[in-house]
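Please look over the chain shown below before reading on. The report that follows takes up a few residues and helices in turn, and then the chain as a whole.

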Amino acid sequence: MTGTRTGNGTGNGTGRPDPAREVADDLCAAVLSSLRRKDQREKGRQYVQGLLALPGRKSMRGIAGQVGGGAAEQSMHHFISSSTWDWQPIRANLSRFLEAASPLTAWVAQPMAIPKGGEHSVGVANRFDPHQGQMFRGQQAFGTWFTSAALATPVGWEMFLPETETETETGAGTGVGTGAGAETEHAARAAYEEAAAAAVISTVRRSGSPVRPVVLDIRQIGTRSTMNRFAEAGLPVIARISPSTPLLVTDPALPGHGAGARCARDVLQAVKGLCTPVEWTDPHPVAGAGRHRSTLAVAVRVMMPDPSPARRRHLLLVGEWADPRRAPSQLWVTDLVRLPVGPLLRLTKQGRRVAFAAEHSGQEAGLRDFAGRALPGWHRHVTLASVAHAARALTGTGTTGGYGASYGAV
């Protein structure tokens, strides 16, 4: 690595050098190389350093104060909200840098709801969040996270901006909506699903990284249509599904073969006796990062009951039991049909890992903290916040740092 600039390695409140701020300069030199002008590259570096140095919520004034005082605020605001530099090459550079540091295991799609009041930020509206099953007011974004044995950090982003904003809560999220309310919820779910899939596919294609699985949660959106979108894009998927998802059992030796579509939970309950113990390392710091756990799991060959026979692809249904006396605690479908159940189940834990990082270290990096009306400004902010997050991940100094190295890869 090249030498870092004097004075950027402190400011963590302990009097000791901050490793993330030291690494950030080298990281910025690599990923901001797409910016043509030297002053833009310097402003980008300063913004990342400001995000790392500023405790708590990241405001433009606070970031500018960390790197240049009050006089820098207007210049920094222009750099983020009004400039014309392209954020996409920076994201691709970040993916390549991370791949060189710690080879990619899987992409993880992680939605990010950002509650906000008022009308002064881009994309704020009354929204239905399928993952939470309720309405909220704010922004809805999709992050695509790079995960490896040692890292979990975001590299791609999209904000959900449907053409028609949902302004009514009638029937939405209740599960019992009828008429216009049910139609509104259905339309919101369809738009959400399309945007979520497109966000991940776009990020992966631009990254230039080797083909790796995408881990995502589609319990409350279209299971069959989402799986088809990724198949058409040539990306393998392991997706968490609802217990009520209809599936066709394709193994003639198993109960339910030839009986038509059955809900995923019933398919798994019928084969619970075939479960095997799978060991995995818990990636969740609160639950005990690095703690070895063992749960029961089974994989069953299935198909989606697609009206078009040509689109009925062979899949595996993976079930996990935390308590064998109860129903399966998690259910997944995947087109990685040649992988054994152990590696598949361990792969799903990347989603647990990223969910915690998005909530905690994402807050440290300011991923949710942009306040402005311009969508390009949001993209530039969240891109540089991702660079700051990566600096923390590379040095193991974030909330989730220090437990990735022992994490099993597929």
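## Gln110 in strand E1

In this predicted model, Gln110 is in contact with Ala141, Phe142, Gly143, Trp145, Val354, Ala355 and Ala358, once its neighbours within four places in sequence are left aside. Gln110 itself is found in strand E1, and because its relative accessibility is 17%, which lies under the 20% cut-off, the residue counts as buried.

A further relationship involves Val215, which is 105 residues away from Gln110 in sequence, while the C-alpha atoms of the two residues are 8.9 Å apart in space.

Val122 is found in the loop between strand E1 (104-115) and strand E2 (125-129). Although Val122 belongs to a loop, the residue counts as buried because its relative accessibility is 9%.

Not counting residues up to four places away in sequence, Val122 touches Gln139, Met159, Gly372, Arg373, Ala374, Leu375 and Trp378. One of these partners, Gln139, lies 17 residues from Val122 along the chain, and the C-alpha atoms of the pair are separated by 7.7 Å.

## Helices H3 and H4

Helix H3 (residues 60-67) and helix H4 (residues 73-82) have axes that come within 9 Å of each other and cross at roughly 120°, and the crossing is right-handed. On the H3 side the contact is made by Met60, Arg61, Ala64 and Val67, and on the H4 side by Glu73, Met76, His77 and Ile80.

An α-helix has 3.6 residues a turn, so residues three or four places apart point the same way.

## Helix H7 and the residue after it

Which residues of helix H7 (residues 223-233) are buried? They are Thr223, Thr226, Met227, Asn228, Phe230 and Ala233. Just after H7 comes Gly234, which takes a positive phi of about 75°.

## The chain as a whole

The protein chain holds 12 helices and 12 strands, and buried residues make up 53% of its 410 residues. Among the contacts in the chain with a separation of 6 or more, 63% are accounted for by residues 24 or more positions apart. The chain exposes about 17,700 Å², of which carbon and sulfur atoms supply 51%.

Conventions
Residues are numbered from 1 along each chain as its sequence is written. This is a predicted model: local features need pLDDT of at least 70, side-chain atom pairs count only at pLDDT 80 or more; totals for chains, interfaces and linings use all residues. Side-chain values use heavy atoms; hydrogens and water are left out. Helices (H or I, at least four residues) and strands (E, at least two) are DSSP runs, numbered from the N terminus. Buried means under 20% relative accessible area, exposed over 50%, partly exposed in between (1.4 Å probe, protein chains only). Contact means heavy atoms within 4.5 Å. Accessible areas come from the Shrake-Rupley method with a 1.4 Å probe; for residues, only the protein chains shown count as cover. Axes are lines fitted to C-alpha atoms, for helices over the stretch in contact, and angles run from 0 to 180 degrees between N-to-C directions. A crossing is left-handed if the near helix is turned anticlockwise from the far one by less than a right angle, and right-handed if clockwise.
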